[in-house]
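Dear colleague,

Please find below the structure I am handing over to you. My findings follow directly after it.

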Amino acid sequence: MTTYLEFEKPLAEIEGKAEELRALARKNEEMDVEKEAAALDKKAAQMLKDLYKDLTPWRKCQVARHPNRPHCKDYIDALFTEFTPLAGDRNFADDHAVMGGLARFNDQPVVVIGHEKGHDTHSRIERNFGMARPEGYRKAVRLMDMADRFGLPVVTLIDTPGAYPGKGAEERGQSEAIARSTQKCLGVGAPVISVIIGEGGSGGAVAFATADRIAMLEHSVYSVISPEGCASILWKDAEKMREAAEALRLTAQDLKKLDVIDRIIKEPLGGAQRDRHAAIEAVGAEIAAMLKELGGKAPRELILARRKKFLAMGSKGLAA
């Protein structure tokens, strides 16, 4: 069943009418409604094209959060083979908001790590809506240590509102765990590739995205804070999230201009949720291209280039 966003309501009405006509025709074979339904389909297709032609930053936030977008597990199941999940940080617990393990990508051994939000009420609660605790970042560090030891490329899939801000997480050293994960990304002597598949929220995203190559899906977002959080701090009013989204420069298009990311992955018309298979295939093609770009480089060369890349961020300035 299609889930429509707030700005897609007019589209929902048209597609709903077309489906109603076809449902009536299925019940009464003598009814011929295909001409009327086809006209509604054509109108809906044009409306979808118009809606997504020039999305505002706030609408991109809504699309990035769409519950039907493919999540980390969907990408791992479709793109990677022989995935062997590894659990726990060998210190406190296993964090189900972070998936990670050994796998093969196009028959190449890799380590894959990502945030998983879940797809229904039960799995979303289990996965803590993709908000990792310290043990999640420490699990990622453990996996990256292993990748570094065996020279395996690291692929990270990012989709999180941000690190979990709960009392227990803070007591167990949330900020230190994020910093250690970021530091480890910078020191891995193998290619590190990140793809932001939905939300890239705050340090919780940076901890996995300090990579040689960073790609974003066309309608994903990547920001130091959510628009609602920013609006609450600056204007004491979360309802000003639209203005905050504009100011944060959180879209893939803005971040590409600022050299924060390297690639934009085109999504199917209407967002990744409208054609999950096509979106996953597009991400797979970009991962393959980025791995090919980095193949054969020496560990020291990769580490120095990665460090240089991040030290140069911000040199274009906000007027870019």
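Arginine 306 counts as buried, since its relative accessibility is 0% (buried means under 20% relative accessible area, exposed over 50% and partly exposed in between, with a 1.4 Å probe and protein chains only). The model is a predicted one, in which local features need pLDDT of at least 70 and side-chain atom pairs count only at pLDDT 80 or more, while totals for chains, interfaces and linings use all residues. Residues are numbered from 1 along each chain as its sequence is written, and side-chain values use heavy atoms, with hydrogens and water left out.

Arginine 306 belongs to helix H14 (residues 299–311); helices (H or I, at least four residues) and strands (E, at least two) are DSSP runs numbered from the N terminus. Its side chain reaches the backbone oxygen of alanine 190 at 3.0 Å, and a polar atom of that side chain lies 3.3 Å from the backbone oxygen of leucine 186.

Three aromatic pairs were counted, under the rule that ring centres of Phe, Tyr and Trp (its six-membered ring) lie within 6.5 Å, with planes under 30 degrees apart stacked, over 60 edge-to-face and the rest tilted. The rings of phenylalanine 80 and phenylalanine 105 are a tilted pair, because their centres are 5.4 Å apart and their planes stand at 50 degrees. Since phenylalanine 80 is in strand E1 (residues 80–85) and phenylalanine 105 in strand E2 (residues 98–105), this pair ties together parts 25 residues apart in sequence. Both phenylalanine 80 and phenylalanine 105 are buried.

Yours sincerely

Notes
Polar contact = N/O pair within 3.5 Å; in protein donor to acceptor, adjacent residues only side chain to side chain.
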